[in-house]
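Please look over the sequence and the model below before reading on.

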Amino acid sequence: MKKKSVQENDHLVVCFGELLIDFVPTASGVSLAEAPGFKKAPGGAPANVAVGIARLGGSSAFIGKVGADEFGYMLADILKQNNVDHSGMRFDTHARTALAFVTLKADGEREFMFFRNPSADMLLTEAELDKNLIQKARIFHYGSISLIAEPCRSAHLAAMETAKNAGCILSYDPNLRLPLWPSADAAREGILSIWDQADIIKVSEDEITFLTNGEDAYDDNVVMTKLFHSNLKLLLVTEGGDGCRYYTKNFHGRVNGVKVSAVDTTGAGDAFVGGLLNSMASDPDIYMDEKKLRDALLFANGCGAITVTEKGAIPALPTKEAVLKILDGATAN
């Protein structure tokens, strides 16, 4: 693997995938049908991660496609306002920016309704990739939604190959959205199809249960035998407000969450990923030193905790100062 000089990539994290508009009900605890009205909010996990890193003072870029429409231009503008390099964004004149109607029902379950038939993000082609931008990255981060349909799937695989050949660290958060896949089996197969290429993977407990066909997400043995692979440097399991578990070839453990009153959990996982990748961009070997890794994960947990105290993902993503303040007195044990 080719090593990059710090000057060449300047700690850049490039995030690849979907950027869309979430429509969230103006009243809480109602179904989509009962909602009296909706408020629009920028969405899309890879874009949230890019903004999260920039908000912490890091260097990030986003690659993906939106429609050449009011919402697409609005999203590009939001990235720009948040100091994310959006030169890798493309605008489709034939397809619209994706929309998602999302509600948190009274029982705490999220209900999604997506408008993607097809949306612009699904139509990104390999020819539209800014490969120079990818090659400048120290870390290349992606999800699995961009694997669902062609031509975006081929663009995603080509982007990963470009990043791998350039010596980037590959970071993967599957971010399972079952309603978007043709079937549960297709989702499992699609998510696992690129599993063994990642250097860093972050999954939730629910995703472990899904990917292992119902095995115990809390069992270290299940995680190590079913999900850890020989190329993997770091596997992270997020446990919501309880914190996270970490697995490397040489050690594993868990780091406590930071206790807060949750208002809206949207974007908490993306804030966590942004917090960790921001640390890894300046210290790529952090996974080899358990104490340093635990400190970085406590910081990432702090990022997630702050994000749930406000509505929406991007507006709630924290600054470094805010995270350090909430962590004052918190410990990783």
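Which residue in β5 is the bridge partner of Val 66? The partner is Phe 91, where helices (H or I, at least four residues) and strands (E, at least two) are DSSP runs numbered from the N terminus. The model is a predicted one, in which local features need pLDDT of at least 70 and side-chain atom pairs count only at pLDDT 80 or more, whereas totals for chains, interfaces and linings use all residues. Residues are numbered from 1 along each chain as its sequence is written, and side-chain values use heavy atoms, with hydrogens and water left out.

Strand β4 (residues 59-67) runs parallel to strand β5 (residues 85-92), the two being paired over 6 bridges; strands count as paired if DSSP finds at least two bridges between them. Ala 61 has its bridge partner in β5 as well, namely Asp 85. Strand β1 (residues 12-16) also pairs with β4 in the parallel sense, over 5 bridges, and here Cys 15 stands opposite Phe 62 in β4. Together with helix α3 (residues 70-81), β4 and β5 make a right-handed β-α-β unit, right-handed meaning that, with the strands pointing away from the viewer, the path from the first strand over the helix to the second runs clockwise. Because 8 of the 9 residues of β4 are buried, this strand is largely enclosed by the rest of the structure, with buried standing for under 20% relative accessible area (1.4 Å probe, protein chains only).

On a 1 Å grid over the protein atoms alone, a cavity is a set of points where a 1.4 Å probe fits but cannot get out, a pocket is an open set with protein on both sides within 12 Å along at least five of seven lines, and lining residues have an atom within 4 Å of a point. The second largest pocket holds about 560 Å³ of space, a volume being the space filled by probe spheres set on the points, which are joined across faces, edges and corners. Its lining has 23 residues, and those closest to the centre are Val 24, Pro 25, Asp 264, Lys 311 and Gly 312. β3 contributes the most to this lining, with 4 residues.

By the cavity rule there are 4 cavities of 30 Å³ or more, and the largest cavity contains about 60 Å³ of space. Among the residues lining the largest cavity are His 141, Tyr 172 and Phe 272, and α9 provides the largest share, 4 residues.

Conventions: Buried means under 20% relative accessible area, exposed over 50%, partly exposed in between (1.4 Å probe, protein chains only).
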